[in-house]
Structures are given as C-alpha cells and as structure tokens.
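The following note comments on the fold, the packing and the aromatic contacts of the structure shown here.

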Amino acid sequence: DGPGPRASQSVPLLGSLPCPRIAQGTAPDASMATWAIAAVVGALAGALAGAVAEDVMRIFVHKVPACAQASMLLNSLPGDREPVPLGEQANALYLRKIAAQVRPLHDQLLTRKVQGVELTADPDSADLFYIPAFFSVLFWIGTPEAIACVASTFEELRQHSHFHRRGGADHFVIYGVEFTHYRRDDHFLLHSYDPSAAKWIVLTVACPKPCGDAPDSWQARGRFTILPHASWHDCRKARLWPRTSQRRFRIGFVGAVGPEAQYLERRAFFALTCALPRWLRTEDGSWHRSEPSTDRHWSLDRNTTLLDVFLLSRGTSLRLCPMLRDPGHTIEDIRDMMLEVNMWWIEPEWRWRLVPEVTPDDDASYFARSFSIPYYGFSDGRLAAQLVGVFSGEQSRPVHAERRSQPEFNKLLYESVYGHANLCIILPGDASDCAKRLWDAMAKGCVPVFASAGPRRSWPVLPFADVVPWAAFTWRFFHVNSTAAAWRLLRLLMRLPPTEIQRRREIMQHWLPQLVVQRAGC
C-alpha cells in the first residue's frame, strides 16, 4: 500500500519573476495574461542569459496567412452555423474548448491590455516575437487543408529576416491545450516544419514529460509556460460564496472512471465511492438523490434526450465497483460518508458531454441548435428499469423525468458539486497536468485537494508557482496508490477543522482573480 497520504507542508518559491512590476508573495493588480508574458520573458532570459533588461517588454507580431489567424479560425467554430454530424461532436466540442482557451489571451495581447508589454513595428528593437497562428486549432481540425495551412505559415515566417535571429528561442506561440498534439505523425509536430520550433516558448495548459516531472516552477520547465484552463470568475459572486458551515458536503468530485488500467489514485477513490449516491440541486433549491447506477442508458424522445448517462450503467458497476459486486468488501463505516460526499463518476464514452456549459458570455444555444441529442434527462436512477416495462407493454402508466439542455444541466451539476462542497479532490488527468476541474472547483469556492499516486513534487505542475502561494490555499497528498491509502485520506479530510478550510478558502478568493482567463467585477 505504500506509506499512505502525506501532506505537503510548503512549496519553496524559486525566486521572483524577472519582471519588476510583480512582487513575490503579493497579489498585484495584474491579469493572468500579464503573468503569462512575464513568465515568457523569464524563459527567454534563461535561454538568452538575460537578454531582456528593460522594464518594458517589446513584442513584434509576425504576419501569418489568413487561414491561421484568429479571425478565420476562432470566429467560425463547429456548431455556429450548421449541425455537427454525430461522429464529429466530441471533437467539435473540444475544438470550441481550445478556442475559449486561446482567444482571450490573444485578444488581451493585441489590444495592449497586458501590463509591462509594448507592441512594436520595429523587429530590431523587439525582445520577443509573437506568432499569432493557432497551430493547436489547425492540428485538431486535422484536414489536409488545415495541415497545408500550417506548412504555408512556416513558409511565410521563414521569409522574415528575424525568424532565425536566435534560433527560435525568442519566439512564442499561444498553444492553449496540451502540448504536443495527441497524434504523433510528423505533420502534427511543429519542429518537423522547422527545427527552430523546438526552441519556441510555448504557452500551454500542460507540457510533455519530463516537464510534468519537474518541480512546479516555470524556471524548471525551460520553454514551457503553464497557463490556467479557460475559466471565468465573477468576484461579485465570490463574495457570496457559502462558508464552510453552510456547504452541504465535505468532499466533491466530477470525473471519468477510466482508463481502468491507469491512474492508481483514480481507481482507489472510485472503488471506495462508486456505490455512494449522487446529489443534484435544481434551480428551486431542492436536492435530488440518485442511485449511483442505472439499469441502462436510454436515448428518448426521438433521439433528443439522453437519460441518466452520467450515472454508471449496471454492467459497468458490476464489473468495476467492488462494493456492488461484493457487499462484504465494503470498508467499515464507508457508508457513513453517504451524506458527506458527492462524487460523480462518469463512464469514458460520455465524458465529452461534460464539456458544454452555459457561461456569462455564452448561453451555449449552439448546442441545442447543432448537436443531435441536445438534452439531458435525469431521475433517481430507477427510471431505466421502468422504461423496460413501458416499451415491453408490461407497464401502462406514464413515467416522467426532468430534462435540461446539456449545457444547462452541466451548469447545475458543477454548481451542485463544486458550489456545495468544501473540498474538491483533484486527480491527475489523462492529458494535462491539472484538469479543468481544478478551475471549475476554485471558481465555486471549493478548496482543492491534490491527490497523486506518485512521490512528492512529481505532480501537479501549477501556473505561476513563483508568484502564487498555492500551498497556502490547497492541500497536496502523495503515495495515494491503493484503496487503503485513499481511505486514510478521506478520513483525514473528514477531520479537518472547518476554520482551517475557511481560512484557505479566503486566501484562494484573494488570488483567484489573477488565475483566471476572464474575470468580472474584480
């Protein structure tokens, strides 16, 4: 079982960023984009032995073909104007997620809203060169036309006399999503188009190993600058966050079950909580309890509504959940957590349905307009079995379920879990250092608890760790590599003093406006 969970006492700050406007240990009046550019300059200074000496960073913006620009790629996304074929819907949603990640940073930079940055038309005076081509979007589109656009972008860049001035080390791109692309063919690798791309500074939400194994500071990650996931924070709502004593649950989580053969910590927590009920709070303030599983997943009402697909199917439960397969396996007192834990485990094939969500600047109406099964229906989990009787003719009385558009339901789900839990468990994801759930949880006032099966300081890699005192408002545990270790951690979390949870929540509230991509009322 290993030594069990260990709490991280502190994270050494490895020095302040080489930007005189940012002081270590304080929350400056700076946007997340400001820190991102400061971190870029830090990476540049490390690579070029202090090439940036002045207070103002001068950035030259390259010209790129129209096919690679924001105006072409980000203003006409799948689902905006026409229906998305069923087989392409998961990719279409992910593409929209990429756009939400890169667009605000790009806009803030080009509209001169980044503190300490000056755009220049003189390449000779530039410290940095920004390439405003969205390679991550083109790679995700993946068509021959998109790949040809990548090639033509490099051809145009090579025509500029400063493109190879420092071998690529003074150029940066906003990549947004996980770097590199999940497809490993040469035409999905930037350095295959030009060797200098291997030295570019990359702004991304996650970088490849050994980046993820390094200490959590951009100084140790070389050319990679880690960014928060696309996120929105309203400080006015944060002032109304429920306090610790007002939140219904001690622990919350939303995430996928698999992959089954990976992530020991995910399997351990799933084994302990897979048989516990799920809770949802509707708009009228009522709480609805659902069983953890349902007999089967239905598509109803002429394939417009999926029923209870965020509950486990009976087959998956019996195959993976030890408490359902063998009730005697239940760890003593685990059911005492029934009213303290709200953990939603979702089967991998439905995880993409978690992506669309109503936000302050997007009502997500595109989903109902362009996606083939736009609604989510929910019940207590027992409706699926009743439907078998209806369709077989054995039951004549009608059955009812509530439904919402998928984005509206997701908003309810995240509010129910993150907005009403004190502690949110954050586990390693399958593609990034810190999954989007970290930012969803913090935006609702849920204090993050990082749990990893690995050794100390192997994970997570967090944005701006030299400026932001993450250890002051989070908990970190390592060696959570078995059900016994996960059980010890759950019991420890149940015993944490409410005053300490509230203290960390208030520190998180202080720093959060600087850790989101978009903010309001701050």
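1. Overall surface. The accessible surface of the protein amounts to about 21,400 Å², and 50% of that area belongs to carbon and sulfur atoms. The model is a predicted one, and this should be kept in mind throughout. Of the 522 residues, 58% count as buried.

2. Composition and contacts. The protein contains 16 helices and 22 strands. Among contacts between residues at least 6 apart in sequence, 80% join residues that are at least 24 apart.

3. The six-stranded sheet. An open sheet is formed by six strands in the order β3-β2-β4-β5-β6-β7, with parallel pairing. Its edges are β3 (117-119) and β7 (224-226); each has a single partner strand, so one side of each is left without a neighbour in the sheet. Neighbouring strands of this sheet are turned against each other by 30° on average, direction ignored.

4. Pairing and cover of that sheet. Strand β2 (residues 57-61) runs parallel to β3 and is joined to it by three bridges. The bridge partner of M57 in β3 is V117. Helix α3 (residues 89-110) lies across β2, β3, β4 (128-130) and β5 (171-176), and runs at about 145° to β5.

5. The four-stranded sheet. Another open sheet has four strands, in the order β13-β14-β17-β18, and its pairing is mixed. Here β13 (298-300) and β18 (402-405) stand at the edges with a single partner strand each, so one side of each lacks a neighbour in the sheet. The twist from one strand to the next averages 30°.

6. Strands β14 (residues 305-307) and β17 (residues 375-378) pair in the parallel sense over three bridges, and T305 has Y375 as its bridge partner in β17. Helix α11 (residues 383-392) packs on the sheet and touches β13 and β14, its direction making about 60° with that of β13. Helix α12 (residues 406-418) also packs on the sheet; α12 touches β17 and β18, and its direction makes about 105° with that of β18.

7. Strand β16. Which residues of β16 point one way, and which the other? V341, M343 and W345 point one way, N342, W344 and I346 point the other way, and all are buried. In a regular strand, side chains alternate between the two faces of the sheet. Six of the six residues of β16 (residues 341-346) are buried, so this strand is largely enclosed by the rest of the structure. Strand β9 (residues 249-256) runs parallel to β16 and is joined to it by six bridges, with G252 standing opposite N342.

8. Nonpolar cores. The largest nonpolar core comprises 71 residues, and those with the most contacts inside it are I131, F135, F139, L190, W200 and W470. Helix α3 supplies the largest share of this core, seven residues. Leaving aside neighbours within four places in sequence, the contacts of W470 are L438, W439, M442, L462, P463, F464, A465, R476 and L515. In soluble globular proteins, nonpolar side chains tend to be buried together.

9. The protein has 24 aromatic pairs, counting ring centres within 6.5 Å. The ring centres of F154 and Y193 are 5.2 Å apart and the planes stand at 15°, so the pair is stacked. F154 lies in helix α5 (residues 144-158) and Y193 in the loop between β5 and β6 (201-204), so the pair ties together parts that are 39 residues apart in sequence. Both F154 and Y193 are buried. One aromatic cluster is formed by F135, F154, F163, Y193 and W200.

10. An edge-to-face aromatic pair. F249 and W287 form an edge-to-face pair, with 5.3 Å from centre to centre and 80° between the planes. Since F249 lies in strand β9 and W287 in strand β11 (residues 287-290), the pair ties together parts that are 38 residues apart in sequence. Is F249 buried or exposed? F249 counts as buried because its relative accessibility is 1%, under the 20% cut-off. W287, with a relative accessible area of 23%, is partly exposed.

Note on methods. Residues are numbered from 1 along each chain as its sequence is written. This is a predicted model: local features need pLDDT of at least 70, side-chain atom pairs count only at pLDDT 80 or more; totals for chains, interfaces and linings use all residues. Side-chain values use heavy atoms; hydrogens and water are left out. Two strands pair if DSSP finds at least two bridges between them. Helices (H or I, at least four residues) and strands (E, at least two) are DSSP runs, numbered from the N terminus. Axes are lines fitted to C-alpha atoms, for helices over the stretch in contact, and angles run from 0 to 180 degrees between N-to-C directions. Contact means heavy atoms within 4.5 Å. Buried means under 20% relative accessible area, exposed over 50%, partly exposed in between (1.4 Å probe, protein chains only). Accessible areas come from the Shrake-Rupley method with a 1.4 Å probe; for residues, only the protein chains shown count as cover. A nonpolar core is a set of buried Ala, Val, Leu, Ile, Met, Phe, Trp, Tyr and Cys residues joined through side-chain atoms within 4.5 Å. Rings of Phe, Tyr and Trp (its six-membered ring) pair if their centres lie within 6.5 Å; planes under 30 degrees apart count as stacked, over 60 as edge-to-face and the rest as tilted.
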